[in-house]
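This note is written for a colleague who is meeting the structure for the first time.

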Amino acid sequence: MRYTEHGLQIPLDELRRILDYAENCVKYDSMEPYVYITPGSRPRIFQYCYYAECNPIDHTHSAR
């Protein structure tokens, strides 16, 4: 994954891995079944919890 002049560039295999992990978090960790991509020059991919006391997951942080 890298940032380009067109935006965040993610290889398809890495995107599949992120989606598989996000789906697993929905099944077992009470996470929302959505991902949110923040705008700007350094976009991030977040997944939030249904409960306020749960921290969101930053999927861009765990990407290669």
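1. Arg 17 and Glu 14 join their side chains in a salt bridge, at 2.8 Å from N to O; the term denotes a side-chain nitrogen of Lys or Arg within 4 Å of a carboxyl oxygen of Asp or Glu. The model is predicted: local features need pLDDT of at least 70, side-chain atom pairs count only at pLDDT 80 or more, and totals for chains, interfaces and linings use all residues. Residues are numbered from 1 along each chain as its sequence is written, and side-chain values use heavy atoms, with hydrogens and water left out.

2. Both partners, Arg 17 and Glu 14, belong to helix 1, three residues apart, or about one turn of the helix. Helices (H or I, at least four residues) and strands (E, at least two) are DSSP runs numbered from the N terminus. Glu 14 is buried at 3% relative accessible area, while Arg 17 is partly exposed at 29%. Buried means under 20%, exposed over 50%, and partly exposed in between (1.4 Å probe, protein chains only).

3. The count comes to two salt bridges. Asp 58 and Arg 44 also meet in one, at 2.4 Å from N to O. Asp 58 lies in strand 5 (residues 57-58) and Arg 44 in the loop between strand 3 (36-37) and strand 4 (45-47), so this pair ties together parts 14 residues apart in sequence. Arg 44 is partly exposed, at 27% relative accessibility.
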